[in-house]
Each structure stands twice: as C-alpha cells, then as structure tokens.
Amino acid sequence: MRRLILSVVDNGQHICIGAYKYFFDLLKVIGGMEYFQIIEKYDIPYFYDGKFGSLTSKVFSGKFGLLEAIIRDKNFGFKEKINTIIFALKVQMDSISFQNYTDCYELLIRNNQSEKVIKILWEPLIVSTMNTPVRKASPLIFENIMLDGFLSKSQNAAFYLPKVHFGELFKGFESVFLKDENKIYYTTPIKSITEESGKYMVNDEYYDDVVITTPSFISKRILSELPIDIDVPDYSPIVSVYFWSDTKLTDAYMISTVDTGFDWLFNRDKLIDRKSNTYSYQITTSDAVRYAKLKDEVIISMMEEDLRKMFGEEFRITHYKIVRELMATFLADKKNNLKRPKVKTHLQGLYLAGDYSDNGYPSTLEGAAKNGFRAAHYILKRTVK
Ligand SMILES: Cc1cc2nc3c(=O)[nH]c(=O)nc-3n(C[C@H](O)[C@H](O)[C@H](O)COP(=O)(O)OP(=O)(O)OC[C@H]3O[C@@H](n4cnc5c(N)ncnc54)[C@H](O)[C@@H]3O)c2cc1C
C-alpha cells in the first residue's frame, strides 16, 4: 500500500543569534519569540578528516564559551589554539584594521589562522552567516558579526533555532497589524511606482510614504519610472535538501559537515515534532553555485555518499525535497557591501528597507528588521509633530 506523507518544508533553515535585536523586537510584538530552541553553550559536532570532532563549551557561553570550545577541541594543536585566542582577543580589542584586508581569507591567514582552523571554525561560521566564500567575504561584515554576536556577552552569542516552520513565527502579524484602517494585500504584486504631485501611486492607490522591501533586482524594476537608480548586487544561492530516513542518524541539533560537499545538517526531528515514523533532517549548503544546476538525483547521490561516510551504511532515505534558492542573499563581499543604498533615499517619502540596504550585516532577518525600523523612524520623525 502506498502512503502519502504531507510535510511542510521551508525555503531553507533559518538560524538567529541572541544579538538579533530588531528582529526579536518585531517577534515580541507579534508573539513569535516562544518558538525558539535556544542553545547557549557550544555543542556543535563537526565531521572532519573522516571522524567527528566537537566544538563544545561545558562551562561558559558567549565569548568565553568560544574560547573554551577552542581550548577543548582535540583537532587543534597548542599553537593553533593560542593563535586563535590571540586573534579573537585582537578582534575584540579593536586592534585589527579590517578595512585593510581584501577578504576574510587574507584577514585570517595574515592573522596566523591555520588552514585547519579556518576550515573547522571560521569557514562554517562565515559561509553560513554571510552565504559568501571565505576568499570573497567582506572583513568589515565579519567584524560586525563577531563583535555583536560571537565575541559579545553570553546571551548575544546564543543560537536560536526555530521549533516551528519558519512562516509560523509570523502568524501573529495579521492580528496585530490589521487595526485602524490598515490593509494587507496578498498575492498582489506591485508592478510599478510613479510619482504625482508629491504622492506615490502604487498600483492604483496614492500614498505619502512608501517603504520598499522587495529584493534589490525587483526594486530596481518597480522603481524604474522614478529618478532613482538601484545598483543591484551579485547574488549567491543556497541549496537545501529536506530528507527523511528510516533510521535515526544523530541526536545533535546540528552538525557542521566540514569534510563533505555540504555545510550543515539540521535535525528537524529534534526541532519540529515528528509526525510519521521516519526521521526528518535537512542538509544545507550556502554559496551553493556548484549545486544550482545539478539534477536532483545527482545531488541526492552526492549527499548519500557523504551521509554514509558520517553515519555508516545502515539507513535508507525514504523521500526528499530539494529547495534551490538561486538568489538567496546578496554576495557579502567588499564590492557589494560598498554598493548598498541607504534606507532614506533622496526622494522624500521613499525608503528602501530590504535586507540589502546598508546596515552592517549580511542578508539577514536582523538586517531586514533593522532597516524596517529605520524607515518607520524616518516616517514618524517627518509626520508626527
Ligand atoms: C535559504 C535561506 C536561508 C537563510 N538563512 C538565514 C538565517 O539563517 N538567518 C538569517 O538571519 N537570515 C537568513 N536568510 C536571509 C533572510 O531570509 C533574508 O535576509 C530576509 O528574509 C530578507 O528580508 P526582506 O524583507 O529584505 O526580503 P524578503 O524576505 O525576500 O521579502 C521580500 C518580499 O517581497 C515580495 N515581493 C517580490 N516581488 C514583489 C512585488 N512585485 N510586489 C510585492 N511584493 C513583492 C516577496 O514575495 C517577498 O515576500 C536566509 C535566506 C535564505 C533564502
């Protein structure tokens, strides 16, 4: 008998860190904060050189947790540990001129980080937060992530993993937003925006202020009739494979799959309640240019080979779904970071508040929320006397 299993999949795994302020403020208002699994101490298994290692902090969290994890790590030699700790301290004491480096690889190598430390520690962190290869990633954006998050106070460095499907975090939005005369139009794309006597016409309605939060390449199109130009950045893909196995593979929440073709394995069974008798996981790859055009079967066979290296032969993948986000985020290199527009444009009442507008972060939920708050601030400043 054939069984039909219905499962919701997201467009990819989203992780937040405790340093997210604006995004969490939004969730507090709409009631989404209760849906997170918060991981305060480091407990990250990684697969490297044919076996599992671990970045673990049993005593401390935050920056001291990171230092503890480095000290405990069995793959790093004594000198590597000292150099990594010195580098982290230098970042924290603001004694590195990040703008002088072309990319994060140059930054790390010139600050005595070994290839192994880069591979096990820095690359997973940089590629997953910036969706950009280490040899391209902007050192200034990396500095912000480190100072606000991983080298900050304990609660800022904690990982927040959604225990629900991503969209459920926002299910309270409608009831909070839909009051007074507010309206939400679903499935109503904005085709273009024009300006007439100081007001903006969006589809068929006039507005005093317009906050644009579409991706940059769409913003460019819908704003093409206004005297504003958007310098569209390069984009970077993320490929996620949702798969179900007949056997439990791990108890960890997430595994950094360093020596495989993929970046992270997430244990959806542990995060989101299991509804059938199979085990549910997601494997994800940022900066996934090499997978974007491969056929599903090719990606699955590469993934199976990697999974067998990690977990042995005793499992069978029962079903899967591959999600390719070809323009997932902008590529956070130095060049694209310089292209980012400000939220407040030279046109009165027009704001660009998508994640790509300048906010110091890569494409993140926090960056998008921060820009939204900024746009609201400018509008209130101008309109509320
Ligand atoms: C696979 C993946 C994994 C990610 N992981 C993380 C993570 O772990 N942590 C993190 O912080 N961030 C992560 N991000 C990035 C994060 O999702 C984005 O930075 C954030 O969603 C950007 O928000 P935004 O409002 O700027 O744009 P979006 O969320 O892209 O929203 C733009 C909206 O505009 C709508 N739209 C498009 N065209 C039109 C039109 N013509 N008219 C009207 N509406 C239109 C779209 O439907 C969409 O709803 C990830 C992104 C992807 C793709």
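The lining of the second largest pocket is made up of nine nonpolar, six polar and seven charged residues, where Asp, Glu, Lys and Arg count as charged, Ala, Val, Leu, Ile, Met, Phe, Trp, Tyr, Cys and Pro as nonpolar, and the others, Gly among them, as polar. This is a predicted model, in which local features need pLDDT of at least 70 and side-chain atom pairs count only at pLDDT 80 or more, while totals for chains, interfaces and linings use all residues. Residues are numbered from 1 along each chain as its sequence is written, and side-chain values use heavy atoms, with hydrogens and water left out.

**Second largest pocket**

- Helix α5 (residues 115–130) supplies the largest share of this pocket's lining, namely seven residues; helices are DSSP runs (H or I, at least four residues), numbered from the N terminus.

**Asn75**

- Asn75 sits in the loop between α2 (62–72) and α3 (78–92), and it counts as buried at 18% relative accessibility (buried is under 20% relative accessible area, exposed over 50%, partly exposed in between, with a 1.4 Å probe and protein chains only).
- Beyond its neighbours within four places in sequence, Asn75 is in contact (heavy atoms within 4.5 Å) with Tyr46, Tyr48, Gly53, Glu80, Lys116 and Ile120.

**Salt bridges**

- The whole structure holds 19 salt bridges, each being a side-chain nitrogen of Lys or Arg within 4 Å of a carboxyl oxygen of Asp or Glu.
- Lys220 and Asp229 form a salt bridge (2.7 Å, N to O), in which Lys220 is partly exposed at 35% and Asp229 is exposed at 64%.
- Lys21, Asp25 and Lys28 are joined in a network of salt bridges.

Note on methods:
Helix = DSSP H or I, 4+ residues; strand = E, 2+ residues; numbered from the N terminus.
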